[in-house]
Amino acid sequence: MAISIRLDPDTNERLEQLAAQTGRSKSYYLRELIEGGLESLEDFYLADATMERVRKGSEKVLDAASVRAKFELGG
């Protein structure tokens with residue numbers, strides 16, 4: 001799927017230099033950045049949303065003793 005983005009001139013220049021020096025395309029590096037960064041963004045924003053639900057009391061939270069009891073763990 002093709003996507004169009006706008007880069008500031010400095011970022012574009014850095015990307016062009018990297019592509020020229022390595023023989024890879026700018027698209028290759030943009031794809032690498034997106035794929036690598038997407039997991040981090042998902043982790044951060046999904047955790048943030050969960051914490052907001054916890055703060056509002058709409059997310060169920062178990063204490064350690066309850067988890068141990070539920071799964072019959074010692075300790």
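How many salt bridges does a search of the whole structure find? The search finds 3. This is a predicted model, and every value below is computed from it.

**Salt bridges**

| Pair | Distance, N to O |
|---|---|
| Lys26 and Glu16 | 3.5 Å |
| Arg55 and Glu52 | 3.3 Å |
| Glu59 and Arg53 | 2.7 Å |

Start with Lys26 and Glu16, whose side chains meet in a salt bridge. This pair links distant parts of the chain. Lys26 sits in helix α2, while Glu16 sits in helix α1, which covers residues 9-22. The two are 10 residues apart. How open are they to the surroundings? Lys26 has a relative accessibility of 30%, so it counts as partly exposed. Glu16 is partly exposed too, because its relative accessible area is 36%.

Arg55 and Glu52 make a salt bridge within one helix. Both belong to helix α2, and they are 3 residues apart. That spacing means about one helical turn separates them. Arg55 is exposed, because its relative accessible area is 55%, and the cut-off for exposed is over 50%. Glu52 is at 34% relative accessibility, so this residue counts as partly exposed.

Glu59 and Arg53 also join their side chains in a salt bridge. Glu59 is partly exposed because its relative accessibility is 29%. Arg53 has a relative accessible area of 33%, so Arg53 is partly exposed as well.

**A nonpolar patch**

Which residues form a nonpolar patch on the surface? They are Ile34, Leu38, Leu41, Phe44 and Tyr45. Together they have about 550 Å² of accessible area. Take Leu38 as one of them. Leu38 lies in helix α2, which runs over residues 26-56. Its relative accessibility is 45%, so Leu38 counts as partly exposed.

**The largest pocket**

Rolling a probe the size of a water molecule over the atoms shows where empty space is left. How much space lies in the largest pocket? The volume is about 310 Å³. Its lining includes Met1, Ala2, Ile3, Ser4, Ile5 and Leu7. Ser27, Leu30, Arg31 and Ile34 line the pocket too. By class, the lining has 7 nonpolar, 2 polar and 1 charged residues.

**Single residues and distances**

Glu72 has a phi near 50°. That is a positive value in a residue other than glycine. Where is Glu72 found? Glu72 is in the segment after α3, a helix that spans 64-70. Is Glu72 buried or exposed? With a relative accessible area of 74%, Glu72 is exposed.

Thr50 is found in helix α2. Its relative accessible area is 27%, so Thr50 is partly exposed. Thr50 and Asp63 are 13 residues apart in sequence. In space they are 16 Å apart, C-alpha to C-alpha.

Arg68 is found in helix α3. Arg68 is partly exposed, because its relative accessible area is 29%. Arg68 and Lys56 are 12 residues apart along the chain. Their C-alpha atoms are separated by 25 Å.

Notes:
Residues numbered from 1 in each chain as written. Predicted model: local features only at pLDDT ≥ 70, side-chain atom pairs only at ≥ 80, totals over all residues. Heavy atoms only, no water. Patch = residues over 30% accessible without salt bridge, like charges linked within 9 Å, V, L, I, M, F, W, Y side chains within 5 Å. Areas by Shrake-Rupley, 256 points an atom, 1.4 Å probe, with all protein chains shown as cover. Salt bridge = Lys/Arg side-chain N within 4 Å of Asp/Glu carboxyl O. Helix = DSSP H or I, 4+ residues; strand = E, 2+ residues; numbered from the N terminus. Buried < 20%, exposed > 50% of the residue type's maximum accessible area, 1.4 Å probe, protein only. 1 Å grid on protein atoms, 1.4 Å probe; cavity = no way out; pocket = protein on both sides within 12 Å on 5 of 7 lines; lining within 4 Å. Points joined across faces, edges and corners; volume = space filled by probe spheres on them. Nonpolar A, V, L, I, M, F, W, Y, C, P; charged D, E, K, R; others polar.
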